[in-house]
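The sequence and structure come first.

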Amino acid sequence: MSQDSLFPKETSFSPPNDLTGIRAKVIGIGGAGVSLVDGLRFDNFESVEHLAVDVDSRALSDSIAGEKLSFGRRHTRGMGTGGEHTLARKAMEEEKDIIRKKLDGIDIVFLLAGLGGGTGGGATPVIARLAREAGAIVFAFVPLPFSWEKGRHKMAEGCLSDLRKIANAVVPLPNDSLLQMGGKDATALECFAEAGRYVSKGISAICSMVFRRGMVDVDFVHISKAFNRRAGRTLFGYGQGEGKDSLRQAVRELLVCPMLHLPNVSKAADVLLIQITGGTGMGMAALQQVSTEIREEFNAGEHVVFGAHVDENMGDRVQITVLGATDLEAGTKVVDVAPVASDVISAIPKSKVAHPSKLKEKQRNSKSNLSNKKTSSKNNDKLDQNTFSFMDAENQRGIFGDLPARNIYAGEDLDVPSYLRRGVKIGI
Amino acid sequence: MSKIIGAVEIGTSKAKALIGEVSSTGSVHVVGMASRLNEGMRKGEIVHFRKAADSVHSALADAEKMSGTTVDEVYLAQTGSYLKGRMLRGSASVSSSDNRVSSSDLQRASDEAKRREPDNGRTYVHHIRTPILLDGRIVQDPVGMIGSKIDLGYWSIDGDDQAIKQALHVISNYSLDVKDLILSSIASSTMMAGPDLRRAGTLVIDMGAGVTDFALYRQGFVAYTGVIPVGGDHLTGDLSMGLRILEPYAEKLKIEHGKATSEPMEDGDDVWIIGNKTIGDRAIPRKAITDVIHVRIVELFEIISKELEGLLDPDELKGGVLLTGGASLLPGVEQVASKILGLPVRKASFPTGIANELAQPENATVLGLLHYGLEDHSLPGKKRDDTEVGFLSKFRKMVGLSAQD
């Protein structure tokens, strides 16, 4: 037997899931969602279950997901919805008890669904609501149709805003922007595959935090606390580095990650989850430095969840994944410059969670720190003015994101860069 | 006796104020001009009143200081995507028994044309007269001619009440009166396209920071005006997103390396974002910059071409297309425009007699405001209502900045 095939199992850091008792479920909804679930590649998270949901029972039978659920038979007789999301929504509402059963006892739900489709667009918000009612935190990764598919695009945007009101974090993956991914000569298909890899990375990052013991440990309570709010706008990015300067390189790659520069992405985060996985050579001091840098970059507030894991398989490679969310309700308020280590929840060892009093004390301290900082930072804020205008929370349409009205001409938003809408690939 | 007159353009990137001294001979000297960065405006609309007002006021104050005088009333440029133009027509039959056209006939036709009320919540900003037809023939001045029916039209631009009120409010806060509202595209096109070009037929496109204004002239008259809410700022935004860099760096790259079309020779080149090769600096292929800009510029001219559908007849537009405004400084923009509009395109140049420091494309509108404002736009056979400047029917010459006459 070759060494390669031995490695993954032996070096797995994940303890048996029974220890954590946390259950996660990836749910693919509709055609695009199911194929995303099937394409997921992450290693040995045994406690992550896969569920494929569709009205089209034939499409479902091709899926390799562990569990399958077809619904809406009464309305569609097992065929597709034909793009009718109202139909899917109605069918899902009627059969919500079946899905409730599937959600029973699940702590983390990942929803994958193409919002341009009937099933994905219609059923996803319903499932998200049911999952939230069942007490799970819900992360959604949702591909959006091209903007030239005007009707579908508009519908998908409606579904997206519904979903944002319910899920804890929604990461939109607009097809327009997916075309920008991959190398210079990547084909459209390769770009979509790239998107699948990003989704895998995102889910693995969260799962690593929850299910694996690491250098800097985070547990489920931290994550659920951090994301336990309605978080409309999200950011999601990934960077990888290799060699001597791998950590630095990973940060650099993260900052130019195409996923962080989509029109729908927030540039600042109220909640930020940073997950770093690296080889044995990863030093604590360097990690500290990098986490501070990333926090400042995203202007993250009090809620930063930082996790670091050592994986011997990584060699001299380092991967950084960030997932952040901005509360839409909190709206326009710009968060102060990232406060220093004192209030990074992650820094608190696991055991301390059991002593809430200390936690509170810490938070109180950090709050007073923060207010002190605010007054002092007022003066030197001027320097950062340019950076800040870019970092403003409402950054939906790049630099025009702060304007109330959208710049619609013949069904297209002219404030969204033309190269995105026209599907022109920019090689940088 | 001379008179002081001002012009104000509240632009998306800069607020500009101009003060001119009109001498008794009718010549105008620009005696003061100032511009201030305007952060209160986006895409031609005021989004932050206080900031916009501040920059307009300080521009006005600077211009007044420079000229050593004060100004009482100004011409104000109007732009923004909320403006809508349409053709209003009116006609009148000649009333006198000998069929001689009198000025009251013209007035009746004009009144009829202007009778049409704008939609609720909107106000007319500007009426631009189109040719007068006497029994179907175009005539310059029909008064005294023989005929039976007069037709005339106005290309009338109406805009959102609130937006207009806000702009007026900016000026009145400085205790100034707005003498007239003038459409930005009309102001810049009267400046950049002389009477002969307008007669030959020409399209003037003013590419600003927030919006692109355009005006199409046929046979010396305005046939169409429009505002596309896309400007130089969009190029910056696109670059910032496409190259994944901060906005100030995107702006810098646009100005230093921006091109509308790529030259194959340069495709391999890289440029540095910050330029000092420090941490965070990164090389970007020149082609990526050009690609981002090219798609946006192509789209912009495609939209203009669509708006002007049927009007882009080379036989009617012998004067070709003129580009002005800050964003027209982008190299290669004429070639792209020419390809899409199917007409010869060139960058507009100022008429002679304007000082070099003023003759910048971004000043076309504010200079044009004075130019247009002092021209006589009343109906033939009628005195200009304003007796004070009524005798200045022509804006004869402009000279450069001079403190005193």
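The pLDDT is the predictor's confidence in each residue, on a scale from 0 to 100. In chain B its mean is 85, and 91% of the residues reach 70 or more. Residues 384–405 of chain B have a pLDDT below 50, and beyond near neighbours in sequence this stretch has 41 contacts in the model; two residues are in contact if their C-beta atoms, placed from the backbone, lie within 7 Å. For the complex, the predictor gives an ipTM of 0.79 and a pTM of 0.69.

This is a predicted model, in which local features need pLDDT of at least 70 and side-chain atom pairs count only at pLDDT 80 or more, while totals for chains, interfaces and linings use all residues. Residues are numbered from 1 along each chain as its sequence is written, and chains are lettered from A and ligands numbered from 1 in the order in which they are written.

Chain B contains eleven helices and 20 strands; these are DSSP runs numbered from the N terminus, helices being H or I of at least four residues and strands E of at least two. Of the 405 residues in chain B, 48% are buried, that is, 20 or more other C-beta atoms, placed from the backbone, lie within 10 Å of their own. Helix 10 of chain B (residues 364–374) is mostly covered, with eleven of its eleven residues buried. Among contacts in chain B between residues at least 6 apart in sequence, 70% join residues at least 24 apart.

The axes of helix 8 (residues 286–307) and helix 9 (residues 333–341) of chain B come within 9 Å and cross at roughly 40°. Helix 8 of chain B is therefore oblique to helix 9 of chain B, the term for angles that are not under 35 degrees (roughly parallel), over 145 (roughly antiparallel) or 65 to 115 (roughly perpendicular). The residues that meet are listed below.

| Helix of chain B | Residues in the contact |
|---|---|
| Helix 8 | His294(B), Ile297(B), Val298(B), Phe301(B), Glu302(B), Ser305(B) |
| Helix 9 | Val333(B), Val336(B), Ala337(B), Ile340(B), Leu341(B) |

The contact between the chains takes 22 residues from chain A and 27 residues from chain B. On the side of chain A that touches chain B, helix 15 (385–391) and helix 16 (418–421) of chain A are the elements that give two or more residues. Helix 15 of chain A gives the most, with four residues.

Notes. Axes are lines fitted to C-alpha atoms, for helices over the stretch in contact, and angles run from 0 to 180 degrees between N-to-C directions. A residue is buried if 20 or more other C-beta atoms lie within 10 Å of its own, exposed if 12 or fewer, and partly exposed in between; C-beta atoms are placed from the backbone.
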